Amino acid sequence: MRDEKKIVIGKLKRMDCLMKRNIERKVSATGVYRSQHQLLMQIAHHPKSSQIEIAERMDISPAAVAVSLKKLERGGYIKKDLDTADNRIHQIQVTQKGQEVVEKSHLIFEEMEKTIFKGFTEEEIKKTGELLERMCQNLSQAQEES
């Protein structure tokens, strides 16, 4: 059984790598790199968020967010506005140019979903989701215990 577990973990890693490569290839045509793309999508789904809020949601450092935000701002994909209540905080918003990337991205992800689940029944998709959720819970629990 130990070998089967290694095989499954290897397949999960391979799938993650293949997904990242496919997404990177398709998203690069938008002019935004994958890490910046994830940030742009986060901002689009949570408008007027602060850098700290974005960093917390994405589980990355505020410094990493700041670097990517500068690149997105220079590219015209986002804009920063000072918070009216606290001018030490910038609220980040997606520009029209950024919104076009977000819309293209939704299409890319819909296409990716169709590709991944091609030939799967609804029951198989549901069962796969349940199994992956159990794995995530196990890893989360292990992380909390250490």
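Start by selecting helix α3 (residues 51-58) together with helix α4 (residues 62-74): in this view the two pack at an angle of about 115 degrees, and their axes are 9 Å apart. Keep in mind as you look around that this is a predicted model. Angles from 65 to 115 degrees count as roughly perpendicular, and α3 and α4 are therefore roughly perpendicular to each other. Their crossing is right-handed.

Now show the side chains where these helices touch. On the α3 side, pick Gln51, Ile54 and Ala55; on the α4 side, pick Pro62, Val65, Ala66 and Leu69. Colour this contact by class and you will find six nonpolar residues, one polar residue and no charged ones.

**Next stop: the loop between α3 and α4**

Select aspartate 59, which sits in the loop between α3 and α4. What is the phi of aspartate 59? The angle is positive, about 60 degrees, although this residue is not a glycine. For background, most residues other than glycine have a negative phi. Is aspartate 59 buried or exposed? With a relative accessible area of 70%, aspartate 59 is exposed, because anything over 50% counts as exposed.

Move to helix α2, which covers residues 34-45. This helix has 12 residues and reaches 16 Å from its first C-alpha to its last, close to the 16 Å expected at 1.5 Å a residue.

Select helix α1 (residues 2-28) and helix α5 (residues 96-116) next. Their packing angle is about 145 degrees, and the axes lie 11 Å apart. The crossing of α1 and α5 is right-handed.

Which residues of α1 and α5 meet? From α1, show Met15, Met19, Asn22, Ile23, Lys26 and Val27; from α5, show Ile108, Phe109, Glu111, Met112 and Ile116. By class, this contact has eight nonpolar residues, one polar residue and two charged residues.

**Last stop: glutamate 113**

Stay on helix α5 and click glutamate 113, which lies in this helix. Glutamate 113 has a relative accessibility of 53% and so counts as exposed.

Technical notes. Residues are numbered from 1 along each chain as its sequence is written. This is a predicted model: local features need pLDDT of at least 70, side-chain atom pairs count only at pLDDT 80 or more; totals for chains, interfaces and linings use all residues. Side-chain values use heavy atoms; hydrogens and water are left out. Axes are lines fitted to C-alpha atoms, for helices over the stretch in contact, and angles run from 0 to 180 degrees between N-to-C directions. Helices (H or I, at least four residues) and strands (E, at least two) are DSSP runs, numbered from the N terminus. Angles under 35 degrees count as roughly parallel, over 145 as roughly antiparallel, 65 to 115 as roughly perpendicular and the rest as oblique. A crossing is left-handed if the near helix is turned anticlockwise from the far one by less than a right angle, and right-handed if clockwise. Contact means heavy atoms within 4.5 Å. Ala, Val, Leu, Ile, Met, Phe, Trp, Tyr, Cys and Pro count as nonpolar, Asp, Glu, Lys and Arg as charged, and the others, Gly among them, as polar. The expected span of a helix is 1.5 Å times one less than its number of residues. Buried means under 20% relative accessible area, exposed over 50%, partly exposed in between (1.4 Å probe, protein chains only).
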